[in-house]
Amino acid sequence: MYFTPRMLQGVFPFEGQGLDRPQPLADRMSYVVPEGSRTQLVYFRAGNSAPELVCATLLRDGEPMRLFPVGARNDCHISLAVIEDLLPGTRLEVVLAAPAGVRGEFVVDVGLVETMD
């Protein structure tokens with residue numbers, strides 16, 4: 001069995017459109033599980049420079065899978081190890097929602113492990 005670490009990470013400027021209107025961070029913040037592999041989420045780390053709470057959402061095939069609220073000028077680290085297998089073809093994407101007009105930078109690091117038998 002082979003294991004390959006994968007990360008979705010970066011620092012992204014944002015301007016909120018409303019907590020009910022998540023916006024994509026960047027194209028590189030998406031991942032598709034390759035054929036012949038399974039993937040597991042390992043951790044989610046994020047930091048928020050804005051003076052308001054923001055909420056990152058991990059989408060699985062376009063549907064919300066997990067919500068990660070990050071407080072005003074705060075950070076979070078959440079261990080997600082061995083929660084579930086993501087099957088080949090599954091698309092993950094990180095999007096961000098913030099109150100309308102709120103600006104800041106969002107630092108995010110999502111750790112994944114791809115396994116191949």
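Is Arg 73 buried or exposed? Arg 73 counts as exposed, at 64% relative accessibility, where buried means under 20% relative accessible area, exposed over 50% and partly exposed in between, with a 1.4 Å probe and protein chains only. The structure is a predicted model, in which local features need pLDDT of at least 70 and side-chain atom pairs count only at pLDDT 80 or more, while totals for chains, interfaces and linings use all residues. Residues are numbered from 1 along each chain as its sequence is written, and side-chain values use heavy atoms, with hydrogens and water left out.

We can turn to the overall fold. The chain holds 9 strands and 0 helices, both taken as DSSP runs numbered from the N terminus (helices are H or I with at least four residues, strands are E with at least two). In sequence order the pattern reads β-β-β-β-β-β-β-β-β. The chain is as compact as a globular protein of its length, because its radius of gyration of 14 Å is close to the 13 Å that the globule rule gives for 117 residues; the radius is taken over C-alpha atoms, and the rule is 2.2 Å times the number of residues to the power 0.38. Along the principal axes, the C-alpha atoms fill a box of roughly 45 × 25 × 20 Å.

Of the 117 residues, 42% are buried. The accessible surface comes to about 6,400 Å², and carbon and sulfur atoms account for 52% of that area, as computed by the Shrake-Rupley method with a 1.4 Å probe. Among contacts (heavy atoms within 4.5 Å) with a separation of 6 or more, 79% join residues 24 or more positions apart. The chain carries 10 positive and 15 negative charges, and their mean positions are 3 Å apart. For this count Lys and Arg are positive and Asp and Glu negative, with His and the chain ends not counted; each charge is placed at NZ of Lys, CZ of Arg, CG of Asp or CD of Glu.

Leaving aside residues up to four places away in sequence, Arg 60 touches Met 65, Glu 84, Leu 86, Thr 90, Arg 91 and Leu 92. With Glu 84 there is a side-chain to side-chain polar contact at 2.7 Å. Such a contact is a pair of N or O atoms within 3.5 Å; within protein, one must be able to donate a hydrogen and the other to accept it, and residues adjacent in sequence count only if both atoms are side-chain atoms.

Thr 90, one of the residues touched by Arg 60, sits in the loop between E7 and E8. Thr 90 is buried, at 9% relative accessibility, and its contacts beyond four places in sequence are Tyr 31, Val 32, Val 33, Arg 60 and Asp 61. Pro 88 is also in the loop between strand E7 (74-79) and strand E8 (91-97), but is partly exposed, with a relative accessible area of 35%. Pro 88 touches Val 33, Pro 34, Glu 35, Gly 36 and Ser 37, again without counting residues up to four places away.

Most residues other than glycine have a negative phi. Asp 61, in the loop between E5 and strand E6 (63-70), has a positive phi of about 50°. Arg 73, in the loop between E6 and E7, has a positive phi of about 45°.
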